[in-house]
Amino acid sequence: MTLSEVTGISGEAGDFRVSVKQNPRYIDMNRCIACGECAAKCPKKVDDEFNAGINKRRAAYIKYGQAVPLKYAIDAANCIYLARGKCRACEKFCPTDAIDFEDKEKNVDVNVGSVILAPGWSPFDPKGVDYLGCAESPDIVTSMEYERLLSASGPCMGHLKRPSDSREPKKIAWLQCVGSRNLNRCDNAYCSSVCCMYAIKQALVTAEHLEGDDLSQTVFYMDIRSHGKEFDRYFEKAQADGVNFVRARPHTIEPGKDGTGVTMRYTLDDGKVVVEDFDMAVLSVGLEASKDALSLADTFGIALDEFRFAQTSSFAPVASSREGVFVTGAFQAPKAIPRSVAEASAAAADAARLLTAAKGTLTRSKSYPREKDLAGQQPRVGVFVCSCGINIAGVVDVKEVVAYAEGLPHVVYAENNLFSCSADTQDLIAKRIEEHNLNRIVVAACTPRTHEPLFQDTLREAGLNAYLIEMANIRNQNAWVHQNAPEAATAKAKDQVRMAVAKAALDYPLARDAVPVTQKALVIGGGLAGMGAALNLADQGFEAVLLEKDARLGGNAWHLDTTPKGEPVRPMLEEMIQRTENHANIKVLKNAALKSATGSVGQFVSKIAVDGQTRAVTYGAAVLATGARESVPTEYGYGEDARILTHLEFDRKLREDAAQLGQAQSAVFIQCVGSREPNRPYCSRVCCTHTVKSAIHLKTLNPAMNVYVLYRDMRTYGLNEILYQKARDLGVIFIRYDVDQKPAVAIEGADLKVTVDDPIVQRPLKIDTDLLVLAAAIEPHASDELIALYKCGVNADGFLNEAHPKLRPVDMAVDGLFVAGLCNYPKPVDESIEQAKAAAARAATVLSQEAMQLDAIKSFVTDDCDGCALCLDVCPYRAIKLEEQATEGNGQVHKRIVTDKALCKGCGLCAATCPKGGVHVHGFTLDQLKAQVSAALVDVV
Amino acid sequence: MNTAIELEKAPTSRFKDKVMELLPEGGNLNACLTCGACAAGCPASGLENMDPRKLLRMAALGMDDELLSTDWCWMCSMCQRCIYVCPMQIDIPQLVFQIRKSHPRGERPKGIINSCDMALRNDTCSAMGATEEDWRFVVEDVADEVRESQAGFEDLQVPMDKSGATYFLNQNSREPVTEPDEMIPLWKILHLAGADWTYGSKGWAAENYCLFAADEENWEKIVRTKAKAVDDLGCKVWLNTE
C-alpha cells in the first residue's frame, strides 16, 4: 500500500486492527505501464527531493527509476489541475487512460497479528549551524547532496560538477561527525555509525569519476569507525589509494576568495595550524529519527529513547515496548545496510513467531488449465511486436517488423500491440493462441528480466507450457540505443525477431522439479546465536537439532558480565538455556561433533557423533553459529603478571570480586591488542564499547581511581557513543597511540608501568598502574572441517562468509545454509541475537515448504558424457559430482557426472566447458543457441 | 617528545578538578575529544607553543605546574571562538580565566592591571583615565564640528545625561582620547534612526580591563558603577559597544 499512513491501531498482539489512510495517486496502477508520457507532458516543474533538490521533476512523476511499484503518481500539492482546476495534459496523452482525477482518499482497516515498523531516518540538517557555512557557499554540500551529484543516475549523470560554477572539482574535503557526536547546538550525542564508511566510499568513487594527476580527497575526522566486516580493509585501501585522512575538526568553513570553493583552518596533533583551500566541502551528516517515525511511534504508543530511536532491549533487539509491534532499521538505532537487512529478517522472524497458529491460513494458490499436449505438432509461432507507446514505435517501424515476421519459417500469426504488457493485450494473446492454435510465442518488446514472468503466466493461462516463450528486446537493446538511426534500428529489430523465432521453434516444454523438504533444521553451535536461531524456529513450529561441542550451552555469554546497556547477561542466558533444553521442538546434542554432510537444500543428511555414538540427522536447512573466541595476547606482558588481564578475565574478576578491583588506584586499558594488525587486519568491533563500559564500572566502584584508555580510534559506534561520553565525563582519560608507536609495558619490581606518547602534549606519559586490561582480539575458530563438509566459504580472516554482505547478510553461498553470531564476524550480544533470529527467518523460508519448486532452467547430462570431469571445476555452485556407473549390458564400470538440480542455477558454465556435448542446460541447448546464432548470421554466412 | 610525564597512582587533586567545581556542569572540561576545532579557530594558537586544546589536555593530565606558569593565558582574547564550535561545549575561556586568577595580582601583565587600576580612579570607568570634564568637552567639541561642517547633520544631537532616554550608550574611551572622529558614524546612525539615546558623564566607558585581569572584585565594582549610571538616568536599555 503506497502513499499510505497509519492513522490508528487497536487490539492486541495476535489480533490488531490497523487503520490506514491511503492517499490518492490519481493514476490507476492497473493501467499505468510506466511509459512516462504523463511526466513528459506535465508542465509543472518541482524540486526533485530524491536528488536533494538539485534538479527538477514534474508533478506527474516516479520518485526514481528503480521505484517499486514502477507506477507514476501525481503530486497533488503541485499538480496545476488539482490546485487550480486547469491543465489535465497528462490525461490527454496517457496511452492507457490511467489518469484518474476522481481518485479519492481511502480509509482501510487491516486485521493483522503482528506489526513491523521500519520508517527509516532523516539526515541531520546543517543549515542552522553558521560555522559550517552552508548559507555562505554553494560548494558546501551535505553528503546526501553529494551522493546524488556523484551518482550515475543523479542530476549530473555521474559527471561530477561543483554547484558554484559547474566546474569539475579537483580537491574535495569531507567533514565527519556533522550532526553526530555533538552536543553544541545539536542534541545528537550518539554516533551515526555509517558516515565514516560512506565518506570513504565517496572519496574512492570520486577518484573513479575524475581524471588527472591533481586530484585530492581529504577526510577530516575524529575517529575512523570502520568497525564492520571487511570495513578496515576498505579503509586501508583508501589510504593506499591516496585519500588523505586528517584527524582534525576544522573550525569554520568559509567561502573561497573568488566566491567558489571553500577555505578552512585546522590544527594537527602537534598544534601546527594549517589553512587550506578546497574546491568543495562535503558535510558527512548524521542520521536522525524522522518526523514521520515520531508520529508513527506516537500512533503505536511505543517507547522511544532519549534520542528518539525506538527503545529495545539487547535480548529482544527488534521488539518494541508494545507486544506484537516490532522495529527494524535506523528507526531502532543508526546502522548500516548489512545490519539493517539482517535486522529486517529478525523482525520477520519475531513477527512470524507470533503468527505461528495462523500460518498458511490466508494462502491462495492460482489454478491454471491443463497443459495442452504438443506431441507430434509442428511449431506454430505467434509473434507480438510491441510499440511500447512511442518507446519502440518512435524509432522502429513496427508494422514493417510485423510484416517481416509473417514471412519467417513456422510463423503463423503476427501482430503489433501498443503495449504488449497491458492487461488487455494479455487477454488478446490468450485469444490468439486459441484462434490460431499457436504453440510457441515470441514477444518483441523489452527485457525478459522484468517481463518474462508476465508472459509466462499468460501462456500458462492459455494452456501452454511456460517455457514456450522467447523475448526479443527491441526496446532496451535497440530503440533506446539507436534513436538516431531508425532504418538501421528497424533492420536490427528484424534480426532480433528472426533469432527469437529460430530459437522458439526449438523450444520444448519444461517441467519444474520439486525437491521434498525435510522440515527440520540443524543448528550448529549452542551459544547465544545458535540457541536464538533454534528457539525461534522451534517457536515457529519447526523441529530443530542443536549441536553443541561442549558439555553445556551458552558459549561466550557465560563470560560476559553485562551488555553495553547495563543488562546483566547471566539471568537472560540461564533462562534461554532452560527454554532451549525444555522446548518440545528442540533436540539438544551436547558434546557433539558433526562428522559428515551430504545432500543439499531441503534434504541434507549428517552424521553426528555424541559421546562416541554416531547418529544420522536429516534436515532441510542448517544454521551455522559456531562462535569465536578471545585470542591470547602475545604482547604487553600478558601472562607475566597477575595484574594484566584480558577483557573476559576482567569481567570474571568483576563478577567474583568487584570490591577488590575497586581498591585499585589506577587502571589502564589498551585497545586493539591483536586487532588491526597485519596478521589480524580486522577490527574486533566489541572491544571499545566493552572498555568504556568497564572503565565506567571502575569509576563507579571507586570515583577516585585514575583510569586511562590507550586507543587507536575509539569505535563506540551508534548509541555506544553515550558510554564513551559518560566515561570521559567521569574523568577517564583517553590517550591515542599510533600502531607504529605502541605503548610499552614494564614490570619494575612491584610496579607495573605503562608508557605511551600523548599526541597532544607531545610528551611520553609514564603511568604507574595497579591493573592493565588488554582488549584482546576476537578470533574465529578453525573452520576447515565445516568448509570441507559443506563447501562453504570463509573470508581471509577466517570468518564464515555470507552470500552477499548487504543483500543476503545471513544466507551462505550454499543454498540452505545460514550463518549467525561471532563465526560470521565479531559482534555484541544484541547483534548476535538479531542475526540468530534473521537466520531463523531465512531458514524458515525453506522449511515452511513441503516441497521446493525449482526453476526448470537446469543442467542435464547426456550419454555423451565420458566422465572427464572438466565441468566439476568450473561449476560455481558445486552442483556437479562424478560418479561411477555400471554400463548397461556389459556390466563394465564407467564414470559419469551427476548434477544436483537443487544446487544448479542453470548458468551454463558446464555446457560451455564440456568438449563433448555431455552436459546441456534446458532452454539453452546447443541446438537452440546454434539456431539463434545461425539466424543472426543468415545474411552474412 | 621530551621528558616523560609521570602519572602517579595516588589520586592527586588537580587544578582542573578545582575549576570544575566552580563551573556549571564542570564546564564540560572532562568531555574533550581532542578534535582540535578550538585550536583551529583560536587567534592565539601557536603563541608560546600553546593552543586551547593543549592547555585543556595539560589540565586533564594534571600538568599543573606548566599549566599555571604559562604566559599564554594572557594571550587569549576571551573571544570564545573555541567554545562556539566545540562539539562538547567545553568552557575553555573559563579555564583560562581561572588560570589567570591563580596568578598573584602583582604578577599579572602590567598593561592589563594598569588599565584596570586606571578605570578605578574615577566614576567614568575609563581605562585611559579620561575625566568627566574631558569627556564632556570632547563630545561637545566634535558634535559642534559635525553640525557646522557636515551637510544634513546641522541638527545632530549628542545628548549627555538626558534623563529618561531609552538607550544609555557606552563608548570605549580610546575614541574620545585618541580618535574622537570615530565616534561620529554611530552618532549619525542614531540620529537618522531617530533613536532616543544619551551618553552619561559617569560610567560611560565601555571597556573593563578588570575582567581581563581576572580581578573579580574590581570587575564587579566597575560593572556596578556603570549600571548605577544607567539607573540614575532612568534609561531602559544599556548599550555597550564592546
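In strand β26(A), V523(A) finds its bridge partner in L546(A). This pair belongs to a predicted model, in which local features need pLDDT of at least 70, side-chain atom pairs count only at pLDDT 80 or more, and totals for chains, interfaces and linings use all residues. Residues are numbered from 1 along each chain as its sequence is written, while chains are lettered from A and ligands numbered from 1 in the order in which they are written.

Strands (E, at least two residues) and helices (H or I, at least four) are DSSP runs, numbered from the N terminus. Strand β25 (residues 520-524) of chain A runs parallel to β26 (residues 543-547) of chain A, with five bridges joining them; pairing requires at least two DSSP bridges. Four bridges, again in the parallel sense, link β25(A) to β31 (residues 621-624) of chain A, where L522(A) stands opposite A622(A). Four of the five residues of β25(A) are buried, so the strand is largely enclosed by the rest of the structure. Here, buried means that 20 or more other C-beta atoms, placed from the backbone, lie within 10 Å of a residue's own, exposed means 12 or fewer, and partly exposed lies in between.

Turning to helix α11 (residues 448-461) of chain A, its buried residues are F455(A), T458(A) and L459(A). They fall within an arc of 100° seen down the helix axis, so they line one face of α11(A); the arc is taken from the directions from the axis to the C-beta atoms. On the other side of α11(A), R449(A), T450(A) and P453(A) are exposed. Just after this helix, G463(A) adopts a positive phi of about 85°.
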